[in-house]
Amino acid sequence: MAALPKTEILLYTSSTPNGQKVSITLEELGVHYEVKNIQISKNVQKEDWFLKINPNGRIPAIVDKTPTPDGKPREKRLFEGGAILLYLTQRYDPNDKLNYPYDTEEYWEVVEWLVWMQSGVGPMQGQANHFYRYAPEKIEYGIKRYQTETKRLYQVLEDRLAEQTKTSTKDGPWIVGDRMTIADIANFSWVNCAEWAGVDVTQFKNLSHWVDRINERAAVKRGLDVPEPFTMKEKLKTKEGEEEYAKHHSQWIMKGQEADQQKHG
C-alpha cells in the first residue's frame with residue numbers, strides 16, 4: 001500500500017452538512033489537518049481575509065501547504081465541498097479507499113452522484129431547512145415544496161441503494177461499487193440531518209440502514225464533531241432542546257440574510 005505524505009492542510013469549516021463532509025473525508029483518509037472554526041453566527045465567512053480564500057463567502061474551504069513530491073513549497077486553496085473531496089481523494093487516497101482509479105466507470109459514477117448531491121440534495125434540503133425552521137413567516141407552500149423535493153431525492157437514493165443490494169458486499173450496499181466513497185459521504189452529510197428539515201428518513205428502508213451504517217464508523221463520528229460537537233440529534237430528543245437549537249441558528253441565519261439584503265437588495 002502506498003504511504004501518505006506528511007500533510008499540512010488547514011480546514012476552514014463550521015458544524016454544518018457542507019463542512020462535515022470534508023472533515024469526515026479527512027478523518028477517513030487519515031491525513032493530518034488543522035481546523036479553523038469559522039463562526040457563521042458572526043459572519044466571519046464574509047470578512048475580507050476569508051473572501052481571499054473563498055470569494056463566495058461560504059464554508060468549507062481548505063488551504064493545502066503540503067510540499068510537492070520533490071520537496072517544493074506550495075499553497076493550494078480550494079473552496080466548494082465537492083471540489084475539495086475530489087482533490088483530497090486524487091492527492092491523498094493512493095489506495096482508492098474512498099474513490100476509484102481515475103477514468104474508470106466507477107470513478108465517473110462517483111462524480112455523477114457527487115455532483116447530483118451538490119445540485120440537488122444540498123440545495124433542496126437546505127431550502128426545506130429554511131422554510132421549516134428559520135423563516136419568520138411559516139409559508140406552507142415553501143415548506144411543502146422543498147420537503148417534497150427532498151423526499152423525491154431521497155427516493156432516488158433509496159432506489160439506487162436497493163439496486164446496489166443485488167451486487168453489494170457484506171458491509172454494503174453503497175452508492176457506487178463495493179465501498180463507501182466520497183459520493184456516500186457527501187450525500188450522508190445531508191441525509192443524516194433529515195429530521196431538521198422535517199423529513200422522516202425511516203420511511204426509506206435502505207436509506208435509513210445506510211445512514212445507520214455510516215454513523216457507526218469511528219472516523220465518521222470524529223468528523224461529525226469538527227469543529228465542535230454535533231449536538232443536533234441530541235437536542236431534538238426534547239421539545240425544549242429543539243426550540244433552543246432552532247432559535248440559536250435562526251438568529252444568525254436571519255442576521256446574515258439581512259446583511260446580504262442590505263448589500264445586494
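View 1. The backbone oxygen of L85 lies 3.0 Å from a polar atom of the T89 side chain. The side chain of T89 also reaches the backbone oxygen of L86, at 3.1 Å. The model shown here and in the views below is predicted. T89 is placed in helix α3, which spans residues 81–92. With a relative accessible area of 7%, T89 is buried. Apart from neighbours within four places in sequence, T89 is in contact with L98, N99 and I182.

**View 2. The open sheet of four strands.** The strands are arranged in the order β2-β1-β3-β4, and their pairing is mixed. β2 (33–37) and β4 (76–79) are the edge strands; each has a single partner strand, so one side of each is left without a neighbour in the sheet. On average, and with direction ignored, neighbouring strands of this sheet are turned by 20° against each other. Strand β1, made of residues 9–13, pairs with β2 in the parallel sense over five bridges. Within this pairing, Y12 stands opposite K36 of β2, and I9 has Y33 as its bridge partner in β2. From β1 the chain passes through α1 to β2, and this β-α-β crossover is right-handed.

**View 3. Helices packed on the sheet.** Helix α1 (residues 17–29) packs on the sheet and touches β1, β2 and β3 (61–64). The direction of helix α1 makes about 155° with that of β1. Helix α3 lies across β1, β3 and β4. Relative to β4, helix α3 runs at about 135°.

**View 4. Surroundings of Q20.** Q20 is a residue of helix α1. Its relative accessibility is 0%, so Q20 counts as buried. When residues up to four places away in sequence are not counted, Q20 touches S15, S189, G223, L224 and F230.

View 5. In the whole structure, a search finds 13 aromatic pairs. One of them is formed by Y12 and W49, whose rings lie 5.9 Å apart centre to centre with 50° between the planes, a tilted arrangement. This pair links distant parts of the chain: Y12 belongs to strand β1 and W49 to helix α2 (residues 48–51), and the two are 37 residues apart. Y12 has 8% relative accessibility and therefore counts as buried. W49, at 35% relative accessibility, counts as partly exposed. Together with F50, Y12 and W49 form one aromatic cluster.

**View 6. The aromatic pair of F131 and Y146.** The ring centres of F131 and Y146 are 5.7 Å apart and the ring planes are at 10°, so the pair is stacked. F131 lies in helix α4 (residues 105–134) and Y146 in helix α5 (residues 140–164), so the pair ties together parts that are 15 residues apart in sequence. F131 has a relative accessible area of 18% and is buried, because the term applies under 20%.

Note on methods
Residues numbered from 1 in each chain as written. Predicted model: local features only at pLDDT ≥ 70, side-chain atom pairs only at ≥ 80, totals over all residues. Heavy atoms only, no water. Pairing = 2+ DSSP bridges. Axes fitted to C-alpha atoms, helices over the stretch in contact; angles between N-to-C directions. Contact = heavy atoms within 4.5 Å. Right-handed = clockwise from strand over helix to strand, strands pointing away. Buried < 20%, exposed > 50% of the residue type's maximum accessible area, 1.4 Å probe, protein only. Polar contact = N/O pair within 3.5 Å; in protein donor to acceptor, adjacent residues only side chain to side chain. Phe/Tyr/Trp six-rings, centres within 6.5 Å; stacked < 30°, edge-to-face > 60°.
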